[in-house]
Amino acid sequence: MSATAAHDHHDDHHHGPQPGLMRWIVTTNHKDLGAMYLIFALTMFFVGGTMALIIRAELFEPGLQFVDPQFFNSMTTMHALVMVFGAVMPAFVGFANYMVPMMVGAPDMAMPRMNNWSFWLTVMAFIMLLSTLFMDGGAPAAGWTMYAPLVLQGGDSFPFMVFSVHLMGIASIMGAINIIATILNLRAPGMTLMKMPLFVWTWLITAYLLIAVLPVLAGAVTMLLTDKFFGTSFFSAAGGGDPVLYQHIFWFFGHPEVYIMILPAFGIVSTIIPVFARKPLFGYASMVYATASIAFLSFIVWAHHMFTVGMPLAGELFFMFCTMLIAVPTGVKIFNWIATMWQGAMTFETPMLFSIAFVILFTVGGLSGVMMAMTPVDFQYHDTYFIVAHFHYVLVPGAVFSLLAGAYYWLPKWTGVMYSEFWGKTHFWMSVIFVNLTFFPMHFVGLAGMPRRYADYNIAFADFNAVASIGAFGFGIAQLIFVFFVLIPSIRRKGEKATAEVWDNPEGLEWTVASPAPYHTFTVPPEVK
């Protein structure tokens, strides 16, 4: 069924198809909204990526070349806010919108009109956030964490940033409620929870995380707002407040947030690896429990971001051990992915390449995370480029690679045509080489003591920074290949027609192993038909 036919088939139930542009503005169709989320996320990915390239251009060599330090700090702040809330999260929401109803056998999302509102609210939030670049005093320059008291020194842009964060939060909470309602209420008969595809499971758990932590962020930024404009002193020591309180509230949101950005990635990879290994996923139930354990533990580790604030020894020990504990369910997942591939009849199409790179490179980020969990050594790593290396290994080869894997995997289903495998593999190898060139050297300069968020640095760090900057520009160019040689031709329906079972047997191989059907081929009972 073509996109248009699908749309006519499921249109707003009261009036016929809308003409032209209006269709996209008022649509309540989950596929339309999923596609719009994905395109919006890709746009923000390039906006945030451009900001990252400004940062890397400035850091290519020591000394101040291109931007003044204030603008440099604005770029680090905006790059993070745009990438986290504008690129990664909406992209996963796009996949959820598009795929979850189909995976559970639902006609649409549970609340189609709210779905439309969630999307447009997100767009408005980012128009507002990006408008701060043109305000007096420039965009916020206090880091994406918006730490008090630094953020309170901001110019006119500060309240606009706070308001845009509120709007993003409202949109995300509505989206999460919609996903939970869809999964719990609209499953096809016979699809019990433990028969759901893992992507649906990871999103169900992620949606609960969103509902639990976004109000906490809203509270934190509201307290910032009242401190600045209404004479309160939540975070001002002079009025009896405490700036460290802000960090506690922020990271109580911030740590589950990083799992919000990675759990759906686990779901996508758990969908793709079994298909190209021609084996059912190893340990389905343990994957569900591991996901739930990670979500639970994410709430009791927040202060590992704050080992250097002077907390009591008991606190440091508690947060250190809880943080290390997260490595256990994560290790279970990595083991299961490897066990799924073990002795499988593997082929290496682009989605599988991105998924395997995800498993390997995400593990690198996970191991540096275990290093940082150790309180005494974290004193050394804290606020250095080692931290930057760690979370970029989790978020770029982690979240972004899984998004790309999912895009390649589902594009033929969405568009009806096959993308060019040549350009897909070119994109993959450029991405994987340049992402390591960009972020691996940051481990070294970080261990040597180079601090984060500085526009200039000691000449001793020059070589590794030059390498990282070259890698960043290479990675940026690789993403243009994806847009111009994979995405646009697919959207314009240029390419071979995709078969009904796109990834069934791409190389025409004869299987020696009689594989049972993957767990997610769900058949509707005859009485329902």
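A residue counts as buried when its relative accessible area is under 20%, as exposed when that area is over 50%, and as partly exposed in between, using a 1.4 Å probe and protein chains only. By this cut-off, 55% of the 529 residues of the chain are buried. The model is predicted, and local features need pLDDT of at least 70, side-chain atom pairs count only at pLDDT 80 or more, while totals for chains, interfaces and linings use all residues. Residues are numbered from 1 along each chain as its sequence is written, and side-chain values use heavy atoms, with hydrogens and water left out.

The secondary structure of the chain consists of 17 helices and zero strands, where helices (H or I, at least four residues) and strands (E, at least two) are DSSP runs numbered from the N terminus. The chain is as compact as a globular protein of that length, because its radius of gyration, 23 Å, is close to the 24 Å that the globule rule gives for 529 residues. That radius is taken over C-alpha atoms, and the rule is 2.2 Å times the number of residues to the power 0.38.

| Property of the chain | Value |
|---|---|
| Box of the C-alpha atoms along the principal axes | roughly 70 × 50 × 45 Å |
| Radius of gyration | 23 Å |

Contact means heavy atoms within 4.5 Å. Among contacts between residues at least 6 apart in sequence, 81% join residues at least 24 apart.

Not counting residues up to four places away in sequence, Ser 164 touches Ala 125, Met 128 and Leu 129.
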